[in-house]
Amino acid sequence: MKYLFILLSTTLLSACTDTNTQSQSSENDTSSANNSTVYSEKATTKRWYSTTDVQMGKKVFLANCAACHGDQAQGLVKDWKQTLDNGKYPAPPLNGSAHAWHHPLKILNRTIVYGGIPLGGTMPGFEDKLSQTERLQAIAYFQNFWSDEIYQAWLNRGGLK
């Protein structure tokens, strides 16, 4: 089970850039750039992020994540659970249709910081490329696509803890 968790964590937020550094500075600070909450366009459940976070997060996501995860976090392959020719898993969708909602905010952030390379994946870390605020804004952007049901399930699993 531990191996499965590591494997899923590895493929959680795959991306396509060349940075690969590791440090733990501020990885657990999950305060939003704008602490007011928002209702997503598709949601009626109160969310941890603001409209500004989503707007700024879209810019961050499109510049750093969309090449592998799709411009609306939908993923780029039909079956993200199927290995590629190189034996690695493709970047999963982050729009609520895959497993990102199983992971609390601090793990989503940590995955962006360190990437999946330390666990055998292909996603580079973004610690030196994205600030804490930018990472949280990118998360806000893809969580904006989550339905109320998925977001509530994430909260019930301890998403903000």
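This note goes through a predicted model point by point, from the overall fold to single residues.

1. Basis. The model is predicted, so local features need pLDDT of at least 70, side-chain atom pairs count only at pLDDT 80 or more, and totals for chains, interfaces and linings use all residues. Residues are numbered from 1 along each chain as its sequence is written, and side-chain values use heavy atoms, with hydrogens and water left out.

2. Overall make-up. The chain has 6 helices and 2 strands. Helices (H or I, at least four residues) and strands (E, at least two) are DSSP runs, numbered from the N terminus. Read from the N terminus, the order of elements is α-β-β-α-α-α-α-α. Of the 161 residues in the chain, 50% are buried. Here buried means under 20% relative accessible area, exposed means over 50%, and partly exposed lies in between (1.4 Å probe, protein chains only). Among contacts (heavy atoms within 4.5 Å) with a separation of 6 or more, 66% are between residues 24 or more positions apart.

3. Helix H6. This helix covers residues 148–156, and its buried residues are Asp 148, Ile 150, Tyr 151 and Trp 154. Seen down the axis of H6, these buried residues fall within an arc of 165 degrees, so they line one face of the helix. The arc is taken from the directions from the helix axis to the C-beta atoms. Glu 149 and Asn 156, on the other side of H6, are exposed. The cover over the buried residues of H6 includes strand E2 (46–47), H4 and helix H5 (132–143). Just after H6, Gly 158 has a positive phi of about 95 degrees.

4. The salt bridge. The structure holds 1 salt bridge, a term for a side-chain nitrogen of Lys or Arg within 4 Å of a carboxyl oxygen of Asp or Glu. The side chains of Asp 148 and Arg 47 form a salt bridge at 3.4 Å, N to O. This pair links distant parts of the chain, with Asp 148 in helix H6 and Arg 47 in strand E2, 101 residues apart. Are the two partners buried or exposed? Asp 148 counts as buried because its relative accessible area is 16%, and Arg 47 is buried at 1% relative accessibility.

5. Arg 47 and Tyr 151. Arg 47 also has its charged end over the ring of Tyr 151, 4.1 Å from the ring centre. A charge sits over a ring if NZ of Lys or CZ of Arg is within 6 Å of the ring centre and within 35 degrees of the ring normal. Tyr 151 is buried, with a relative accessible area of 1%.

6. Aromatic pairs. A search of the whole structure finds 7 aromatic pairs. Rings of Phe, Tyr and Trp (its six-membered ring) pair if their centres lie within 6.5 Å; planes under 30 degrees apart count as stacked, over 60 as edge-to-face and the rest as tilted. One of the pairs is Phe 142 with Trp 146, tilted, at 6.2 Å centre to centre and 45 degrees between the planes. Both Phe 142 and Trp 146 are buried. The rings of Tyr 151 and Trp 154 have centres 5.3 Å apart and planes at 45 degrees, so this pair is tilted too. Tyr 151 and Trp 154 both lie in helix H6, 3 residues apart, about one turn of the helix. Trp 154 is buried, at 0% relative accessibility.

7. Aromatic cluster. Which residues make up the aromatic cluster? One cluster is formed by Phe 61, Tyr 141, Phe 142, Phe 145, Trp 146, Tyr 151 and Trp 154. Tyr 141 has its C-alpha 9.0 Å from that of Lys 59, although 82 residues separate the two in sequence. Lys 59 belongs to helix H2 (residues 51–64) and is exposed, at 56% relative accessibility.

8. Asn 109. This residue is in helix H4 (residues 105–114). Asn 109 is buried, with a relative accessible area of 0%. Its side chain makes a polar contact of 3.2 Å with the side chain of Gln 132. A polar contact is a pair of N or O atoms within 3.5 Å; within protein, one must be able to donate a hydrogen and the other to accept it, and residues adjacent in sequence count only if both atoms are side-chain atoms.

9. Ala 73. Ala 73 is not a glycine, yet it has a positive phi of about 60 degrees. Ala 73 lies in the loop between helix H3 (66–69) and H4, and it is buried, with a relative accessible area of 0%.
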